[in-house]
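Could you walk me through this structure?

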Amino acid sequence: MEHEAGQAVGQPAVYLSHNISPPQPLDLRNSGEAAENFKLWKEKYNNYFIISRLENESSAFQLAMFKHSVGDEGLKVIKTFGYNEHVNSSNWKVVMAKLEAHYQDTKNRQYKESESDGSEDDERKTKSVEKKISCKFCGFEHWPDKRKCPAWGKTCNKCKRKNHFAKRCRKSAIYCIESEEEEISVVRIQAMKEKAYVEKEKISPCDRTLVMWNGIKVKPLGTCVVRVVNLRNQKKYDVKFLIVKDDLTPLLGLKTTEEMRLLTIHKENFISTVFCKKTEVVDKHAEVFNDDSGRLPGIVHLEVDPNHKPVVLPARKIPVSVRDQFKVELQRLERLGVITPVEEPTVWVSQIVVAMKKSGALPVCIDPKPLNEALKRERYQIPVIDDLLPDLSEARVFSKVDLASAFWHLELDEESSKLTTFSTPYGRLRWLRLPFGLNVSSEIF
């Protein structure tokens with residue numbers, strides 16, 4: 001620390017480093033400009049702190065230099081500060097921040113006092129200059145004073161909030177979706193929890209059971225009305241949802257999607273479905289509608305990877321309850337020329353799968369898991385609905401045709417037929433037609 005030879009009395013001592021002296025003490029002669037003066041002085045002191053490398057000094061030294069540089073008026077204000085136990089009062093940056101907040105608060109108080117000092121004469125002068133405005137809260141014209149607004153203090157009949165009329169209510173309308181038919185919209189319970197819609201008073205009991213497309217049944221936990229928003233037009237709708245526990249994709253019912261304008265069905269473009277009596281079609285095309293299995297041109301040949309070792313599997317047991325029906329079904333397939341008994345040895349023998357349909361029928365399917373691993377696939381790309389829709393853009397009439405036992409219309413050569421040999425409690429049989437269960441069947445068909 002050095003003293004300059006010609007230093008004036010009352011000026012703070014100068015701490016020289018790189019020939020840079022601290023900024024002049026904070027100027028507080030005009031209290032209205034104290035906050036702005038402090039901002040400028042703060043920037044100067046931060047520059048001085050860096051140039052003088054005060055970060056290498058101790059915390060006590062840094063705080064002493066700050067208090068010394070701020071001047072007498074600033075030091076008087078600092079002495080009035082109080083600190084709690086969690087604040088480090090020995091850090092000069094903490095003291096500077098507190099001092100800055102003090103001057104900013106002083107500026108805010110002076111601004112508020114200046115706003116409230118207006119006299120009645122000033123109010124009359126202001127009104128003579130100001131014009132009436134068209135109020136967005138009441139819809140009328142009045143002086144720009146909320147106390148002059150007829151809607152001030154009134155309750156809106158639409159949203160039940162205060163200080164505006166219903167005709168000026170900016171809250172969007174909420175539409176309640178109702179349908180005479182059963183409307184099904186589904187949402188999972190986890191999504192409801194995230195939105196805080198799982199309070200007991202908001203969930204109603206439900207005795208319905210949902211059946212998925214694959215036959216799986218789901219029991220809903222209950223129903224709940226949830227407000228949803230169409231992000232395109234910001235309209236809100238109250239939609240009744242069925243709440244499920246499973247992690248399912250949330251669904252909106254058809255009626256809801258139409259009401260929310262998410263989907264538009266142009267019903268005027270549809271003509272009533274034309275029903276044709278079954279007997280008329282059967283009589284006209286008798287050669288197609290018969291009990292015999294149809295046959296498409298060509299013979300199917302299955303290729304096997306020679307590196308795979310053939311597998312022979314034993315016959316699976318058939319439940320006693322369906323054993324007689326299973327035997328009858330085998331006899332029917334043999335009579336139709338779909339399967340035939342096998343007497344000679346075969347290197348491949350697969351098992352079968354027996355599953356009762358809802359209609360009571362008992363289809364017989366081969367279970368050729370080892371054989372599927374050995375078969376060489378054609379890798380034919382099966383088209384999906386998105387590929388076919390462009391071709392139907394000009395279509396006007398649609399027909400639904402179900403080809404019964406489609407794969408059985410393709411005949412196997414003898415070598416391929418022996419590969420499809422399967423074992424049953426009544427002996428070995430092989431397929432004469434392309435069977436269901438092979439991983440190549442859909443590609444070949």
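Here is a short tour of these parts, taken one after the other.

Please keep in mind that what you are looking at is a predicted model. Let's begin with the cysteines. A disulfide is a covalent bond between the sulfur atoms of two cysteines. How many disulfides does a search of the whole structure find? The search comes back with 0.

Is Cys 135 buried or exposed? Its relative accessibility is 6%, so Cys 135 counts as buried. Cys 206 also has a value to check: because its relative accessibility is 16% and the cut-off for buried is under 20%, Cys 206 counts as buried too.

Now let's move on to the sheet. Here 3 strands come together in the order E10-E15-E14, forming an open sheet with antiparallel pairing. At its edges you will find strand E10, spanning 339–341, and strand E14, spanning 422–424, each of which pairs on one side only. From one strand to the next, the twist averages 35°.

You can follow the pairing of E14 in more detail. Strand E15 covers residues 427–431 and runs antiparallel to E14, with 3 bridges joining the two. Across from Gly 427 in E15 stands Thr 424.

Finally, which helix packs on this sheet? That is helix H9, residues 320–336, which touches E10, E14 and E15. The direction of H9 makes about 105° with that of E10.

How values were computed: Residues are numbered from 1 along each chain as its sequence is written. This is a predicted model: local features need pLDDT of at least 70, side-chain atom pairs count only at pLDDT 80 or more; totals for chains, interfaces and linings use all residues. Side-chain values use heavy atoms; hydrogens and water are left out. A disulfide is a pair of cysteine sulfur atoms within 2.5 Å. Buried means under 20% relative accessible area, exposed over 50%, partly exposed in between (1.4 Å probe, protein chains only). Two strands pair if DSSP finds at least two bridges between them. Helices (H or I, at least four residues) and strands (E, at least two) are DSSP runs, numbered from the N terminus. Axes are lines fitted to C-alpha atoms, for helices over the stretch in contact, and angles run from 0 to 180 degrees between N-to-C directions. Contact means heavy atoms within 4.5 Å.
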